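Notebook open, model loaded. I'm jotting things down in the order I looked them up.

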Amino acid sequence: MKYGYILRRIAILVATLYTVITITFILVRLSPYDPYAYFLSQEASMGIASPSQLAALAEYYYNLIPNQPIYIQYFQYLISVMEGNFGHSLIYPQMTVANIIATRLPWTLYIVITSTVISFFIGTYAGQRLGYKRGGKVDGSIVTFFTVLHSIPIYGMGLILLFFISLKAGLLPSAGAYSANVAPGPNLPFIISVIRHSILPISTFIFGSVGGWTLGMRANTISVLGEDYVNAAELRGIPTSRIASRYVGRNAILPQFTSLVISIGFAFGGAVFVEQIFTYPGIGQMLVTSVGDGDYPVIMGITIIIIAAVLISVLVADLTYQFLDPRVRK
Amino acid sequence: MDELQEVGIQAKTSLLYFDNVSVHFEIKGMDKPLIAVDGVSFSMNDGELAALVGESGSGKSTLGRVVVGLQKPTSGKALFRGKDIYKLKGKAFLEYRRSVQLVHQDPYAALNPALTIYESLAPALRRWNIVDKKDTRKAVSSMLEFVGLRPENYIDKYPNQLSGGERQRICVARALSVRPKLVVADEPVTMIDVSLRLSIVDLLLNSKKQFGTSYIFITHDMALARYFLLKGGGGKLMVMENGKLVEMGDVEEVINNPKHEYTKKLIESVTE
């Protein structure tokens with residue numbers, strides 16, 4: 001493993017993250033509709049605040065100190081974000097943004113990671129089977145099915161499931177992460193309730209992505225099946241099961257794996273839709289709520305977290321890839 | 001003995017016996033099928049060398065694929081030890097495939113990039129019980145030695161760490177490792193550095209000497225075909241044009257006294 005390479009990748013990640021933090025600052029502070037100036041004028045017009053109180057409020061919520069030059073405000077903001085201090089929510093003044101993210105993020109992680117992993121396994125398995133049966137009748141109709149499935153937008157899929165499974169058939173709950181009548185904690189009723197509430201959001205993610213995994217794996221399988229080393233292995237009488245795993249599967253899954261890690265990051269973006277549809281208390285739903293409330297400190301915090309998730313997963317994909325593909329290893 | 005009987009005996013005793021073999025490819029949007037191999041007949045005996053010469057598109061690779069069992073002919077008889085290759089079932093077909101190995105043109109595409117050299121070579125040895133489990137590593141090492149590679153430097157490497165010439169040596173070792181009776185070498189040195197080509201050809205001939213392996217050496221290069229056959233102690237030169245075998249005979253006879261125009265052209269293009 002080349003340490004220089006890892007360091008360079010981490011430097012790129014830090015630089016990107018820094019840019020993102022800067023952009024969130026610029027968006028809030030310098031946009032024509034300046035929510036921060038609006039906040040200050042609103043607080044002032046309520047007549048409660050002396051200038052010093054106003055400054056304290058501004059720092060409390062936004063990590064910004066009014067009446068300072070803009071670059072000082074910028075460094076102030078940068079330093080507090082690096083300390084993990086994203087300010088306070090305007091709507092729930094007693095909560096820090098970091099607190100809100102910490103209570104919401106586990107739900108999003110649970111939904112996103114579970115669904116991506118399940119979808120990946122189903123898609124990879126189905127894709128390889130289809131690749132082997134390429135050109136047949138089964139292949140044609142299943143490929144059509146997955147293509148259609150893949151082209152339904154994730155919010156459309158969410159609404160379809162919500163309407164039929166939950167509202168019409170009443171099979172599964174339509175909102176929340178668990179029922180009001182169970183006590184959160186490591187007890188069976190709570191766990192069952194959590195699972196029942198998560199089935200629909202997870203299924204939405206799976207239906208939205210399994211088509212892509214399947215079609216991708218099918219295409220990779222077909223191209224690997226045409227490789228000389230596969231028919232050389234057949235000629236030597238290597239057992240079919242070994243060819244399927246070590247020759248075809250191993251080489252076809254490599255590009256899939258990169259997409260897997262990256263897709264976990266991007267699923268955070270998809271979580272905005274899915275969590276909103278199922279009123280699931282993750283950061284995606286929090287983001288939508290905050291936008292509606294004009295709760296800018298929370299919006300800024302969640303934006304940074306979502307982008308950080310994408311960046312980190314891309315980095316992980318990049319670094320783990322070399323363990324899987326000997327061609328990248330040196 | 002009448003002619004028919006004689007043919008029958010030849011078909012049974014030959015290692016390989018092809019009678020009027022054709023391969024047609026149906027192509028969408030074309031009314032006529034593409035005729036890749038057109039009524040080809042020839043036979044090969046144990047330990048015999050043959051070179052199949054023709055320009056690209058003449059159907060020589062397709063014929064090679066028919067020989068190794070990868071391409072079912074549209075019509076004609078393809079016999080291996082008197083049995084129709086494409087009617088063999090199950091274990092018999094696997095045994096046949098093992099007996100006839102292929103060395104590909106492109107050494108970069110012929111090795112599984114995910115496996116080390118040992119992992120590529122060992123399973124087939126185990127599969128056919130060629131060596132005891134505990135001796136597998138030793139057997140792979142000796143195959144590498146045979147193709148001129150120091151085992152300790154290569155056995156645990158991945159293909160991407162090797163040069164084209166080294167990879168092709170590995171491919172030869174891999175083909176020979178299952179003790180084939182016949183090897184089809186399809187343009188085995190075309191993608192190899194010119195300075196290394198003859199050493200790979202010599203390697204193939206060594207295995208003929210040591211194990212009695214028969215070869216069908218496919219090439220577009222008349223000079224190389226001649227080198228292969230003469231250095232190997234003589235053999236059959238087959239010239240292919242547009243899917244047909246236009247000339248076939250002992251190498252010296254064909255080179256010195258070519259009958260077909262196409263053969264003359266190929267020989268002239270070398271001497272010029």
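Predicted model: local features only at pLDDT ≥ 70, side-chain atom pairs only at ≥ 80, totals over all residues.

**Helix α11 of chain A**

I started with α11(A), whose buried residues pack against α5 (97–132), α10 (240–277) and α12 (296–324) of chain A. For packing I use contacts, meaning C-beta atoms, placed from the backbone, that lie within 7 Å. Helices here are DSSP runs of H or I with at least four residues, strands are runs of E with at least two, and both are numbered from the N terminus.

Which residues of α11 (283–293) are buried? I get Ile283(A), Gly284(A), Gln285(A), Met286(A), Leu287(A) and Ser290(A). Buried means that 20 or more other C-beta atoms lie within 10 Å of the residue's own; 12 or fewer is exposed, anything in between is partly exposed, and the C-beta atoms are placed from the backbone. Just past the helix, Gly294(A) has a positive phi of about 65 degrees.

**Ground rules**

Residues are numbered from 1 along each chain as its sequence is written, with chains lettered from A and ligands numbered from 1 in the order in which they are written.

**Chain A overall**

I counted 12 helices and zero strands in chain A. Its C-alpha atoms fill a box of roughly 85 × 55 × 40 Å along the principal axes. Of its 330 residues, 35% are buried. I also checked contacts between residues at least 6 apart in sequence: 69% of those in chain A join residues at least 24 apart.

**Chain B overall**

Chain B has 11 helices and 10 strands. Its radius of gyration is 19 Å, close to the 19 Å that the globule rule gives for 272 residues, so chain B is as compact as a globular protein of that length. (The radius is taken over C-alpha atoms, and the rule is 2.2 Å times the number of residues to the power 0.38.) The C-alpha trace spans about 55 × 50 × 50 Å along its principal axes. I find 43% of the 272 residues buried.

**The open sheet in chain B**

Next I traced an open sheet of four strands in chain B, in the order β2-β1-β4-β5, with antiparallel pairing. Which strands stand at its edges? They are β2 (34–44) and β5 (83–84) of chain B, each with a single partner strand, so one side of each is left without a neighbour in the sheet. Pairing needs at least two DSSP bridges between the strands, and β4 (75–80) and β5 of chain B have two. Across that pair, Leu79(B) stands opposite Asp84(B).

Helix α2 (60–68) of chain B lies across β1 (16–25), β2 and β4, at about 55 degrees to β2(B). That angle is between N-to-C directions on a 0 to 180 degrees scale, with axes fitted to C-alpha atoms, for helices over the stretch in contact.

I stopped at Lys77(B), which sits in β4(B). Buried or partly exposed? It counts as partly exposed, because it has 15 C-beta neighbours inside 10 Å. Leaving out residues up to four places away in sequence, Lys77(B) touches Asp19(B), Asn20(B), Val21(B) and Asp84(B). Lys91(B) is 14 residues from Lys77(B) in sequence and 21 Å away in space, C-alpha to C-alpha.

**Strand β7 of chain B**

Then I turned to β7(B), residues 182–186, where five of the five residues are buried, so the strand is largely enclosed by the rest of the structure. Both faces are covered: Leu182(B), Val184(B) and Asp186(B) on one side, Val183(B) and Ala185(B) on the other.

β7(B) pairs in parallel with β6(B) over four bridges, with Gln101(B) opposite Val183(B). β7(B) also runs parallel to β8 (214–219) of chain B, joined by five bridges, and here Leu182(B) faces Ser214(B). With helix α8 (194–211), β7(B) and β8(B) make a right-handed β-α-β unit. Right-handed means that, with the strands pointing away from the viewer, the path from the first strand over the helix to the second runs clockwise.

**Where the chains meet**

Last, the contact: 23 residues from chain B and 17 residues from chain A. On the chain B side, α3 (90–99), β6 (100–103) and α4 (117–127) each give two or more residues. By class, that side has 15 nonpolar, four polar and four charged residues. I count Ala, Val, Leu, Ile, Met, Phe, Trp, Tyr, Cys and Pro as nonpolar, Asp, Glu, Lys and Arg as charged, and the others, Gly among them, as polar.

Definitions and conventions
Contact = placed C-beta atoms within 7 Å.
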